[in-house]
Amino acid sequence: MAAALALSLRGRGRTAPNPNVGCVIVRDRRVIGRGWTQPGGRPHAEAMALAQAGDAARGATAYVTLEPCAHASARGPACADLLATAGVARVVYALGDSDPRTDGKGAARLVRTGISVESGVLARDAASAMGGFLARRDLGRPLVTLKLATSLDGQIALASGESRWITGPQARAHVHLERARHEAILVGRGTFDADAPRLDVRLAGLEQRAPRRLLLTRGAAPEGWQAIATPADIASLEKVDHLFVEGGAQAAAAFLAADLVDRLLLYRAPILIGAGRPALGDIGLGSLADAHDRWRLSDTRMLGSDRLEVYLRA
């Protein structure tokens, strides 16, 4: 299942409005098929893995990160039917699918055809891997990641506005990888006017995965950009399950004040700036007590000389 979860992340930022699912098929202790949801949501992970496994899938075990779907569509058959037709002996899945067209029906269909079914394996990890899909389903909006690159004293630029570069090349490459895992990326008007950011993905092999560009502004957006007036407007974005908020102290503060940040990436460079430009504007805290117990540290690592800390909503 851990391998299936790793495969599912290859589709993150590419499958909306479908979930990014991974599938591994094993027979006689050997992996005979692997798959993950393809761009646009089809083919599904199970279809990809079964196609690779071929006739060897008969009698095998399929590990899937989400309950196999029970509904056919114009874009493809139901995965529960595909698994049954292939003759797999056992299906293990991590999370149930609450879509009313599948919710429990996928597992029931497998059982009716004589397939052994087990669920709940690494369910928490699967929920994290499909966080964007679940946020859209449960909250009616994308999963929001806020990126901040600061000095040790919390500045994002000199007082003059100079900000290139606070962090080193390894940290900047990691930011580009994060861009590739999101359907949309957003900056504020001030950042757009000051930096004219490209917001593309400049990593070999991932250049085509640049996210849709959004501008937080009450005015018009230039060509190639989409304007949204307020953070709450992200709920209306189509085919966006993961939003990367990258730039501007005021844009960052607006999303935090609206309580719309689920994940925080803090890149800290080992430099001191002093009287510069702070990473955040007013986020609407009424007291210091309100600042506590909002975030939990999920990961930390060194990227060259810079430290990355990943925090999740507590």
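Me: How many disulfides does a search of the whole structure find?
Reply: The search finds 0 disulfides. The term needs a pair of cysteine sulfur atoms within 2.5 Å. This is a predicted model, in which local features need pLDDT of at least 70, side-chain atom pairs count only at pLDDT 80 or more, and totals for chains, interfaces and linings use all residues. Residues are numbered from 1 along each chain as its sequence is written, and side-chain values use heavy atoms, with hydrogens and water left out.

Me: What makes Cys 69 buried or exposed?
Reply: Its relative accessible area is 6%. Buried means under 20%, exposed over 50%, and partly exposed in between, with a 1.4 Å probe and protein chains only. Cys 69 is therefore buried. Cys 79 has 1% relative accessibility, so Cys 79 counts as buried.

Me: How do you know that strands S1 and S2 pair?
Reply: Pairing requires that DSSP finds at least two bridges between two strands. S1 (residues 22-27) and S2 (residues 30-36) have 6 bridges, in the antiparallel sense. Strands themselves are DSSP runs (E, at least two residues), as helices are (H or I, at least four), numbered from the N terminus.

Me: What lies between S1 and S2?
Reply: There are 2 residues between them, and the two strands form a hairpin. Asp 28, in the turn, has a positive phi of about 55 degrees.

Me: Which residues does the UniProt annotation "binding site" cover?
Reply: The unreviewed entry lists Ser 163, Arg 179, Arg 202 and Glu 246. UniProt positions are given in the numbering used here, feature names are shortened, and annotations may be inferred rather than shown by experiment.

Me: Why is Arg 179 called buried?
Reply: Its relative accessible area is 6%, so Arg 179 is buried. Arg 179 sits in helix H7 (residues 169-180). Not counting residues up to four places away in sequence, Arg 179 touches, among others, Arg 202, Phe 244 and Glu 246. Contact here means heavy atoms within 4.5 Å.

Me: What makes the link between Glu 246 and Arg 179 a polar contact?
Reply: Their side chains are joined at 2.6 Å. The term covers a pair of N or O atoms within 3.5 Å; within protein, one must be able to donate a hydrogen and the other to accept it, and residues adjacent in sequence count only if both atoms are side-chain atoms. Glu 246 lies in strand S11 (residues 242-247). Glu 246 has a relative accessible area of 13%, so Glu 246 is buried.
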